[in-house]
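I opened this notebook page to keep track of what I looked up, entry by entry. The notes follow the order in which I went through the helices and their packing.

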Amino acid sequence: MTTPVLETVGLVHTFDDGRRGLDHVSISFLPGTFNILAGANGSGKTLFLRHLVGLTVPTEGTILLNGAPANKNWNLARQQMGFLFQDADAQILEATVLEDALFGPRHQGIPHEKAEKIAKESLALCGLDHREEDLTSLLSGGEKRRLNLAGVLTLGASILLLDEPFNGLDQPGVEAFLRILIDLQRQGRTIVLVTHDLEKCLAHSSSLTLWHEGRILATGSPDQVWDEIPRAGVHRPCVGRENWKELTWLPR
Ligand SMILES: Nc1ncnc2c1ncn2[C@@H]1O[C@H](COP(=O)(O)OP(=O)(O)O)[C@@H](O)[C@H]1O
Ligand SMILES: [Mg+2]
């Protein structure tokens, strides 16, 4: 049996007021899969992603990375996981596109020439090679998203955690971002994507996990969990269950 690349076992997060942000969340992601997490606002998706990268400490439960507890070495774990925050601007740290992509490699102490090679390769992968010298403030919403992704890729992440990356993007923006994700998955990376927009990307998913009040309501292939989608407070696309593979914003 394939070992999951990432797994949580009985993850609980209790807030100071006693409310549970996460209530015994057990889920696993297989290597090279494209996993969608969907649920109403406040159902705990962002909190869950924060736990995966150790930004928040669980009240109970374990996070396993390639079968080993992630908390044994968070530095190593964070190198394997790249996190795109919901707010694209919050993750842009430098004035120009190339400088921003250089931020990670520089802070890892990689010599300049090599750092620049890594940054340029990541920018090219994200379709930003022609914008290297441009000011980050001049980028479109979609380009900012792709710059966030390039930054994460410079660190060599094999698992990508993406928090509502399509928010505010137009059709070309969603299309460009989706193409890159699919390419990255083909190269073997594991995608964990939080989104409400099933119409935009469900066709590409290996699994759909539905969240409700800090719990997993259902997880499985889209057709397996189809009936539960409305109960999670997520819009169910107006197609038959058997047609979920039509749900993409990539042109046909
Ligand atoms: N410090 C806190 N005390 C109590 N509840 C909190 C605190 N911080 C966040 N929450 C609650 O945790 C829940 C999960 O939030 P979040 O993970 O951001 O949801 P999602 O990303 O699914 O929209 C929300 O209901 C939020 O109000
Ligand atoms: Mg959120």
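Predicted model: local features only at pLDDT ≥ 70, side-chain atom pairs only at ≥ 80, totals over all residues.

Past the end of H5 I looked at Gly-156, which follows the helix and has a positive phi, near 80 degrees.

Entry 2, the first packing partner. I keep in mind that two packed helices are described by the angle between their axes and the distance between the axes. For helix H3, residues 97-107, I found that its axis comes within 7 Å of the axis of H5 and that the two cross at roughly 30 degrees. The crossing in which H3 passes H5 is right-handed. On the H3 side I listed Val-97, Asp-100, Ala-101, Phe-103, Gly-104 and Pro-105 as making the contact, and on the H5 side Leu-147, Ala-150, Gly-151 and Thr-154. Sorted by class, this contact of H3 with H5 has six nonpolar residues, three polar ones and one charged.

Which angle do H4 and H5 make where they pack? I found about 135 degrees for helix H4, residues 112-125, against H5, with the axes 8 Å apart. That angle makes H4 oblique to H5, and the crossing of H4 and H5 is right-handed. I wrote down Ile-118, Ala-119, Ser-122, Leu-123 and Leu-125 in H4 as the residues that meet Ala-150, Leu-153 and Thr-154 in H5. By class I have six nonpolar and two polar residues for the contact of H4 with H5, and no charged ones.

Is Asn-75 buried or exposed? I first placed Asn-75 in helix H2, residues 74-80. Asn-75 has 7 other C-beta atoms within 10 Å, and since 12 or fewer counts as exposed, I recorded Asn-75 as exposed. Finally, I looked up the separation of Asn-75 from Val-53, which lies 22 residues away along the chain, and found their C-alpha atoms separated by 9.5 Å.

Technical notes. Residues numbered from 1 in each chain as written. Chains lettered and ligands numbered in written order. Helix = DSSP H or I, 4+ residues; strand = E, 2+ residues; numbered from the N terminus. Buried ≥ 20, exposed ≤ 12 C-beta atoms within 10 Å, placed from the backbone. Axes fitted to C-alpha atoms, helices over the stretch in contact; angles between N-to-C directions. Left-handed = near helix turned anticlockwise from the far one by under 90°. Contact = placed C-beta atoms within 7 Å. Nonpolar A, V, L, I, M, F, W, Y, C, P; charged D, E, K, R; others polar. Parallel < 35°, antiparallel > 145°, perpendicular 65-115°, else oblique.
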